[in-house]
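Student: Hey, I've got a model open and I'd like to talk it through. Can we begin with the pockets?

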Amino acid sequence: MVPPFTREIAVRKVRLAEDGWNSRDPARVSLAYSVDSRWRNRSEFVHGREQIVEFLTRKWGKEQEYRLIKELWAFGDDRIAVRFAYESHDVEGDWFRSYGNENWEFDEKGLMKVRHASINDVPIREGDRLFHWPLGRRPDEHPGLSELGL
């Protein structure tokens with residue numbers, strides 16, 4: 001799926017990104033990005049696939065039982081904007097729901113070359129969790145962000 005994007009392609013790319021991140025496999029996820037991809041994730045700057053793998057390995061070491069939902073916000077020829085939420089707990093067992101927005105830019109091969117992520121963490125009680133599917137890909141029948149009122 002290469003630019004220019006249609007709405008259908010943009011929705012598909014968002015779901016594929018969600019599926020990849022829900023795999024929690026840093027090497028697999030890194031393949032969706034160009035070898036020289038540039039990220040801003042919160043206040044951290046990442047450059048290239050090797051640093052992406054290192055970043056994601058650290059991330060999922062801290063954010064345990066990570067479950068993510070992404071939703072298309074807007075798109076253009078070679079850009080996609082998404083909003084997302086994920087739930088995870090830290091090593092002490094404290095749960096969080098993290099809300100954010102990402103802006104993506106793709107190269108001519110359809111690989112993401114730029115990713116800007118702004119994220120806010122909100123502590124939640126375990127009983128307030130909304131993402132309960134088994135670890136891995138979100139089932140198709142599980143509600144998305146809009147359906148959950150997020």
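Student: Which residues lie nearest the centre of the largest pocket?

Tutor: This is a predicted model, so take what follows as computed from it. Arg 42, Lys 59, Lys 62, Glu 63 and Tyr 86 lie nearest the centre of the largest pocket, out of 16 residues that line it.

Student: How much space lies in that largest pocket?

Tutor: About 330 Å³.

Student: And which elements supply at least two residues of the lining?

Tutor: Helix α3, residues 49–62, does, and so do the strands β4 (79–89) and β5 (95–106). The largest share comes from α3, with four residues.

Student: What's the lining like by class?

Tutor: Eight of the lining residues of the largest pocket are charged, five are polar and three are nonpolar.

Student: OK, new topic. How many cavities of 30 Å³ or more are there?

Tutor: One. About 40 Å³ of space lies in that largest cavity.

Student: What lines the largest cavity?

Tutor: The lining is Trp 21, Asn 41, Lys 59, Tyr 66, Leu 68, Lys 70, Phe 84, Tyr 86, Glu 102, Arg 115 and Ile 119. The elements that give two or more residues to it are β3 (64–75), β4 and β6 (112–124).

Student: Which one gives the most?

Tutor: That's β3, with three residues.

Student: And the classes for the cavity lining?

Tutor: Six residues of the largest cavity's lining are nonpolar, four are charged and one is polar. Lys 59 and Tyr 86 turn up in this lining, and both are also among the residues nearest the centre of the largest pocket.

Student: Since β3 came up, where is Leu 72?

Tutor: Leu 72 is in strand β3. At 14% relative accessibility Leu 72 counts as buried, because the cut-off for buried is under 20%.

Student: What is Leu 72 in contact with, leaving aside its neighbours within four places in sequence?

Tutor: Two stretches of sequence show up. Leu 72 is in contact with Arg 7, Ala 10, Val 11 and Val 14, and also with Ile 80, Ala 81 and Val 82.

Student: How far apart are Leu 72 and Phe 84?

Tutor: In space they are 8.8 Å apart, C-alpha to C-alpha, and in sequence they are 12 residues apart.

Student: What does Arg 15 touch, not counting residues up to four places away in sequence?

Tutor: Arg 15 touches Arg 137, Arg 138, Pro 139 and Asp 140.

Student: Let's zoom out. How many helices and strands does the protein have?

Tutor: Three helices and six strands. Along the sequence the pattern is α-α-β-β-α-β-β-β-β. The radius of gyration is 15 Å, close to the 15 Å that the globule rule gives for 150 residues, so the protein is as compact as a globular protein of that length.

Student: What does the C-alpha trace span?

Tutor: About 45 × 30 × 25 Å along its principal axes. Of the 150 residues, 46% are buried.

Student: And how many of the contacts are between residues 24 or more positions apart?

Tutor: Such pairs account for 55% of the contacts with a separation of 6 or more.

Student: Last one: what's the accessible surface?

Tutor: The accessible surface comes to about 8000 Å², and 51% of it belongs to carbon and sulfur atoms.

Definitions and conventions
Residues are numbered from 1 along each chain as its sequence is written. This is a predicted model: local features need pLDDT of at least 70, side-chain atom pairs count only at pLDDT 80 or more; totals for chains, interfaces and linings use all residues. Side-chain values use heavy atoms; hydrogens and water are left out. On a 1 Å grid over the protein atoms alone, a cavity is a set of points where a 1.4 Å probe fits but cannot get out, and a pocket is an open set with protein on both sides within 12 Å along at least five of seven lines; lining residues have an atom within 4 Å of a point. Grid points are joined across faces, edges and corners, and a volume is the space filled by probe spheres set on the points. Ala, Val, Leu, Ile, Met, Phe, Trp, Tyr, Cys and Pro count as nonpolar, Asp, Glu, Lys and Arg as charged, and the others, Gly among them, as polar. The radius of gyration is taken over C-alpha atoms; the globule rule is 2.2 Å times the number of residues to the power 0.38. Buried means under 20% relative accessible area, exposed over 50%, partly exposed in between (1.4 Å probe, protein chains only). Contact means heavy atoms within 4.5 Å. Accessible areas come from the Shrake-Rupley method with a 1.4 Å probe; for residues, only the protein chains shown count as cover.
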